Amino acid sequence: MNEDRPTVADLPTVADLPTVADDQTAARVDRPARRAPTGAAGSFQPRIVGFLCNWCSYAGADLAGTSRTPYAASVRVIRVMCSARIDPTFVLKALAEGADGVLICGCHPGDCHYSEGNYKTMRRYPLLKRMLADLGIEDARVRLEWVSASEGQRFADLVDDMTQRLRALGPSRIKTALATDHAER
Amino acid sequence: MDQPRIGVYVCACGTNIAKVVDCDAVVRAAEGLPGVAVATTYKYMCSTPGQEMIVADIEEKKLDRVVVASCSPRMHELTFRKAVKKASMNQYYLQMANIREHCSWVHGDGVEATQKAIGLVRAAVKRVAFHEPLESRMVAMCPNTLVLGGGIAGLTAALELADAGYQVYLVEKADHLGGNLARVDLTAPHLDSARDLLRERIHRVMGHPHVEPFLGAEVQSLEGYVGNFTATVAVPGGNGAGPAAAEGDDGPTDGGGATRSPRTLEVGSVIVATGYREFDASRITHFGYGKLPNVITSFEFERMVREGRIETVEGRQPQYVAILHCVGSRSQEFHAYCSRVCCMTALKYAHELKSAVPGCYVSDVYIDMHAFGKGCEDFYRRSSEVKTLFLMYGKNDYPVIRKAEPGDDCGMLIEVSEQLSGELIEIPADLVILMVGMEAREDSAEVARLVGISQDKDGWFIESHPKLDPVATTTEGVFIAGTCAAPKDIPDSVAQARAAAARILGKIARGSIEVDAVFAEIDEEACSGCRICNELCPYSAIEYKADEKRSRVISALCKACGACVAACPSGAIRARHFTDEQIFAEIVGVLA
């Protein structure tokens, strides 16, 4: 293990993450070149919860790994068997717990491992989006995309794109708003 | 719930993870999490000592939950489930955190990657506390196998299984067996006859008591799960084998049976061996295919050789023949991959030409000579001894073919920007053979959907693991063999076919198979009998008990997608191993 590795105490809290300096990145010559979105000095690093179906999208994200396709370290993936398992409350829970964005990924229409699960997701999603809009939650915070098992690059691009959009939008205030709300009651 | 005793094992994966993620920092973070009794890191958790470490800890330190932070669960979840089982722990008390594919391999910044790895481990620790012991179900294994495709791979797999005494249904779309190999004359590098390789196999398949071949037939649907599939096959005329059974003449022609009546087959396993199709040379304009009549494809040349008449369209013996490699392969425009067999096939043509047309000048225009494989380098050396002119062209720097002037003693001239000499060289040709590459069949997406497997960006079927599990797929019980998975030569196709058959024989030998204990269940107390779930289930696995006004999941039919769980307005359906509590814990964990 390298001496210069940070200890837990040295690690920034998530809120501090944006301050990771660029030169730390540049020092790692053995890694693939990183693209713009992550950790640029002073920029905000959003936290995205990704709900990925096991058969297409999770495999696609795995492929991004095996192909060493770099993308922003903003996303944390939670595996579900099918995008149809994603209860709208999962999305709400993630936002309430402080996620700046939620990315839902499933198989492309017609390719669902369970024949039609993604169609159910597709139909449920607009209802959720309508509710989120009514709650005043910005459109860019929740996104549904199709990623196949061979689309590692697409997954990486999606994460980078969403990271950039969320960065433009700024941190979600849902968690603090909820806390204040609770405190007031 | 009592405080669980969780063991956290952080894999360094050699340097794959440790190069970016500070594994010690992850261990220290894990140690501080509630319920964690042991946290440690090791070079390779999946190795025998790594697994033994987990087993010993479970026994000695009385662990009741295990988190392994390593590669994707799609890679090693079964490995670690087996390990915890060895220590008499329920295998569903395991949770994995994917800190390789989703972390160290995609993030370059050590601080960020370590932070993310800690988040993923925290999520796994929080989740695993909610895990429940589940008992896997044992189901009967149907010993019959469905083989899709009657090329060399399909034939070989079918015979391997049938010779072991098990029933095989061989479904071939064309009206004859043999696949693409039936269109080939000799095979490289030993120059033995393709016909000889096929004839005996086709003969045996047609007469085998345990093989039922369906020619001109197509699978319409495949339902069920490993050990218990039901396939519907559309068969021309309704009888089993079609009339024409001999190896085909040219090109896989789709069987145009008049009336197709479906047959229902019960099978335990499926082997997909649907092969490839050749690249369409007319897609490349610079070679003049389709315009210059003496520019032909490799398969058209095979036909000439098989008919024993190598001649130009004018009916003359060619004095100059040029063989052009990598047509459709290794190009940015068409297919980036190498089709693997064309280089050796091109050398085979040089041999065939030299013996069939004495005095013929053969030029071999290639990008790189790929002579991997047993006997191939020798074959390359022997070919250079039969006076073949080898010229190297650059990738994406295509040779240009044009018609010769009336005074020239040849039909065409090829301009090659030769890489080794650095010169522009013009060579004569009466016949140009384009070595067309392999590509995924036009119906591959349909086949993939039908049997529930995935395709890569080029359309090839995706294996469970490219190195360690090359013939299995992510759908248990469905195997792939031969060129439907990627370009490969005959020995590799045959090896895969036999490997797939061996995998199936192993399952048959055990008699029954363990299927995941993960399925949905309905709390009948909470069920309001609204029947929303009934319609949602793609497998009709939810029955409605009218007398009790409650729905019930038929667990044997449930495939655990969870669509009903998310839809139940009463929250009465639980997805075992993917419960709301478990996923909420994970959400809290990644965001904490």
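Modeller: Happy to! Find α5(B) and α15(B) first: α5(B) passes α15(B) in a right-handed crossing. Please keep in mind that this is a predicted model. Helix α5 covers residues 110–128 of chain B, and helix α15 covers residues 580–591 of chain B. Their axes come within 7 Å and cross at roughly 150 degrees. Angles over 145 degrees count as roughly antiparallel, and α5(B) and α15(B) are therefore roughly antiparallel to each other.

Now for the residues that meet there. From α5(B) come G119(B), L120(B), R122(B), A123(B), V125(B), K126(B) and R127(B). Facing them from α15(B) are Q582(B), A585(B), E586(B), V588(B), G589(B) and V590(B). By class, the residues of this contact divide into 6 nonpolar, 3 polar and 4 charged.

Another helix of chain B is worth a visit, this time for its buried side. In α8(B), which spans residues 298–307, the residues S298(B), F301(B) and E302(B) are buried. Looking down the axis of α8(B), you find its buried residues within an arc of 105 degrees, so they line one face of the helix. Their cover includes three elements of chain B: β16 (295–297), α9 (342–356) and β23 (431–436). Just after α8(B) comes G308(B), with a positive phi of about 75 degrees.

Stepping back to the whole of chain B, you will see 15 helices and 30 strands. The C-alpha atoms of the chain fill a box of roughly 95 × 60 × 40 Å along the principal axes. Of its 592 residues, 54% count as buried. Among contacts in chain B between residues at least 6 apart in sequence, 71% join residues at least 24 apart.

Finally, chain B has a partner: 54 of its residues are in contact with 61 residues of chain A. On the chain A side, at least two residues each are supplied by α1 (22–26), α2 (57–66), β2 (75–80), α3 (88–96) and α4 (117–134). The largest share of that side, 7 residues, comes from α2(A). Sorted by class, the side of chain A that touches chain B has 30 nonpolar, 15 polar and 16 charged residues.

Terms used: Residues are numbered from 1 along each chain as its sequence is written. Chains are lettered from A and ligands numbered from 1 in the order in which they are written. This is a predicted model: local features need pLDDT of at least 70, side-chain atom pairs count only at pLDDT 80 or more; totals for chains, interfaces and linings use all residues. Two residues are in contact if their C-beta atoms, placed from the backbone, lie within 7 Å. Helices (H or I, at least four residues) and strands (E, at least two) are DSSP runs, numbered from the N terminus. Ala, Val, Leu, Ile, Met, Phe, Trp, Tyr, Cys and Pro count as nonpolar, Asp, Glu, Lys and Arg as charged, and the others, Gly among them, as polar. A residue is buried if 20 or more other C-beta atoms lie within 10 Å of its own, exposed if 12 or fewer, and partly exposed in between; C-beta atoms are placed from the backbone. The arc is that of the directions from the helix axis to the C-beta atoms. Axes are lines fitted to C-alpha atoms, for helices over the stretch in contact, and angles run from 0 to 180 degrees between N-to-C directions. Angles under 35 degrees count as roughly parallel, over 145 as roughly antiparallel, 65 to 115 as roughly perpendicular and the rest as oblique. A crossing is left-handed if the near helix is turned anticlockwise from the far one by less than a right angle, and right-handed if clockwise.
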